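Please look over the sequence and the structure first.

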Amino acid sequence: MADDLGDEWWENQPAGAASSPEASDGEGGGDTAMTQQETAPVPALSKKTEQPKECFLIQPKETNEDATKTRKRKKKKITDVLAKSEPKPGTPEDLQKLMKDYYSSNRSVIELEELTLPDFCFLKANDLTHSLSSYLKEICPKWVKLRKNHSENKSVLMLIICGSAIRALELIRSMTAFRGDSKVMKLFAKHIKVQEQVKLLEKRVVHLGVGTPGRIKELIKQGGLNLNPLKFLVFDWNWRDQKLRRMMDIPEIRKEVFEILEMGVLSLCKSESLKLGLF
């Protein structure tokens, strides 16, 4: 009887229960499930979880770019510097220093020494209190006598070099009290061809020349202007344009000025026949 009842009981059980006797014991099944959960390995973190760090790494780059832009905006300009300080008149030492800085990259020490001019080559510099006429009267008190004795064509007694044609016209108008009966010639490129200026210098005696370094250099190269009779070479040194730049602050003009100096001016200065002035 007991065997028959046991057989009937197993036959009446569901298929799933019959296949696993442990499943009929609720407590045993629960312990097994918890043990499996506790012993299951923790899955490794995916690399995708590190992606937010990539966004974080971009931030320093943006900060550097912003800092660079800030530095560019804060770059000092010549107008800012001059606004905080009073303008200082040019001196012979300023010209000497510019020459050494300009030629230092392609000249030997001996050649740089040859460019140095003695003090006797320079006239008294403008202290910013003079007009052009008063300055020229101070550096050349015997101008009338020199003018009367000058009779050579293709030359001038005094040469004034400035940064532009407009500035040259201003200087010519402002020197009326000094020039008197002197013949003045405009030596710049605006509306005047080189050939025309060469012909004018050949035909008549000129005492004063006022112009830009580019045109003056070209006249010397073409033989239209002889520097040997020249007695005074004056640079319009202290005047500033709308951007507050002096003539020698502009690289193109500075280059042409130094080329003129090497075309015979330096040798004439050292021979004491020519004087340099900074107005």
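Which helix gives the most to the lining of the largest pocket? Helix 10 does, with 3 residues.

The model is predicted, and local features need pLDDT of at least 70, side-chain atom pairs pLDDT 80 or more, while totals for chains, interfaces and linings use all residues. Residues are numbered from 1 along each chain as its sequence is written, and side-chain values use heavy atoms, without hydrogens and water.

**Helix 10**

Helix 10 spans residues 165-174. Helices (H or I, at least four residues) and strands (E, at least two) are DSSP runs numbered from the N terminus.

| Class | Residues of helix 10 |
|---|---|
| Buried (under 20%) | Ala-165, Arg-167, Ala-168, Leu-171, Ile-172 |
| Exposed (over 50%) | Ile-166, Arg-173 |

**Lysine 255**

Lys-255 is found in helix 14 (residues 251-270). Its relative accessibility is 39%, so Lys-255 counts as partly exposed. The C-alpha atoms of Lys-255 and Tyr-102 are separated by 8.4 Å, although the two are 153 residues apart along the chain.

**The pocket again**

Among the residues that line the largest pocket, Gly-163, Ser-164, Arg-167, Trp-239 and Asp-241 lie nearest its centre. Arg-167 is also one of the buried residues of helix 10.

Methods:
Buried means under 20% relative accessible area, exposed over 50%, partly exposed in between (1.4 Å probe, protein chains only). On a 1 Å grid over the protein atoms alone, a cavity is a set of points where a 1.4 Å probe fits but cannot get out, and a pocket is an open set with protein on both sides within 12 Å along at least five of seven lines; lining residues have an atom within 4 Å of a point.
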